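Work through the exercises below with the sequence and the model open. Try each task before reading its solution.

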Amino acid sequence: MKKLSVDSIQYAVLLGIFFLFSLLPLRILYLISDVLAWILHSCVRYRRKVVGSNLRSSFPEKTEKEIRSITRKFYRFLTDYLVETIKLTTMSRRQMERRMRFEGIEEADKALREGRDVTLYLGHFCNWEWVSSLPLHFTPDAIGGQIYHPLENRAADRLFLRIRGRWGAVSVRLHDTLKAITRWRRSGERSIVGYIADQVPGYNGIHCWVDFLNHDTPVYSGPERIARMLDSEVFYLDMSRPGRGYYTGKFIRLTSHASSCEKFFLTREYFRLLEESIRRSPQFWLWSHRRWKRTRKDFEARFPDAAERLRRL
């Protein structure tokens, strides 16, 4: 009999926990979320300094009372995101289609049916995990891809891949993106690929700087470069949360032909639209990560030929 590995045991335990909790109705899960939010915000004070610093520097016009209010709402959303993600384990298709709706999706689906590839920008805003249900709404002939960073814990990584793939989405490691898309193109398959492009790039991955939420922000332009190579149609997914446990993703077209866009146009448009979404409902963005830990000054100190380096990209 083959001996179970530690990773397999961890995976089985995690899957069991997720499965059992996911059987609870969302109204019960939200009660648990309320308790967890209070613990993280008031007891553990999970990354409170990072959250507060990010909010104050992003919204200097807001009063301290407003910042505290957004902070409390953010922690409530953060734990809602956790229980909603757990719910994905056993959520039915009917329930998912009722709770995660998409608007303006017809244009993207039309492009896929006509043999075009589609690039979709989204951010760590609202529940991005539920966007994995997109393949339910597109022609079955198209591949629904989502780019992801593998988790350090292999058991947790395996669990999230299982959850994210329930509705037919194909998870692609970041470093395998170009290889996967090229393979699909060569085999005559068309794809819609989603990129959560608001993550912090390493210094070697900085391609340009944008004005984002009152910060000089380093960004990675990989999605744009791939879109230009494919001459894909490009959309931004404007997420909103009309009610607890309900989301709407509105498709906003950025271009019909990515190859015709000037360099960094799509990247800058993405961050402009994402900022509009965040300013509308700031509590739904991931404020607990250190988005602005890399500065232009440090970048230029590391690369004396910084200007030339960016120009060559």
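This is a predicted model: local features need pLDDT of at least 70, side-chain atom pairs count only at pLDDT 80 or more; totals for chains, interfaces and linings use all residues.

Residues are numbered from 1 along each chain as its sequence is written, and side-chain values use heavy atoms, with hydrogens and water left out.

**Exercise 1.** Classify the packing of helix H2 against helix H4.

Solution. Locate the helices: H2 covers residues 26-43 and H4 residues 64-87. Helices are DSSP runs of H or I with at least four residues, and strands are E runs of at least two, numbered from the N terminus. Next, take the axes, which are lines fitted to C-alpha atoms over the stretch in contact, with angles from 0 to 180 degrees between N-to-C directions. They come within 8 Å and cross at roughly 135°. H2 is therefore oblique to H4. (Under 35 degrees is roughly parallel, over 145 roughly antiparallel, 65 to 115 roughly perpendicular, the rest oblique.) Finally, list partners in contact, meaning heavy atoms within 4.5 Å. H2 contributes residues including Leu 29, Tyr 30 and Leu 36; H4 contributes, among them, Tyr 75, Leu 78 and Leu 82.

**Exercise 2.** Repeat the analysis for helix H3 and H4.

Solution. H3 spans residues 48-58. Its axis is 10 Å from that of H4, at an angle of about 130°. That makes H3 oblique to H4. Now the partners: Arg 48, Val 51, Leu 55 and Arg 56 of H3 meet Glu 64, Ile 67, Ile 70, Thr 71, Phe 74 and Tyr 75 of H4.

**Exercise 3.** Which residues have the most contacts inside the largest nonpolar core?

Solution. Start with the term: a nonpolar core is a set of buried Ala, Val, Leu, Ile, Met, Phe, Trp, Tyr and Cys residues joined through side-chain atoms within 4.5 Å. Buried means under 20% relative accessible area, exposed over 50%, and partly exposed in between (1.4 Å probe, protein chains only). The largest core has 70 residues, and Phe 212, Phe 251, Ile 278, Trp 285 and Trp 287 have the most contacts inside it. H4 supplies the largest share, eight residues. Check Trp 287: beyond four places in sequence, its contacts include Val 51, Leu 55, Phe 74 and Ile 278.

**Exercise 4.** Is Phe 102 buried or exposed?

Solution. Find Phe 102 in strand S1, residues 100-103. Its relative accessibility is 13%, so Phe 102 counts as buried.
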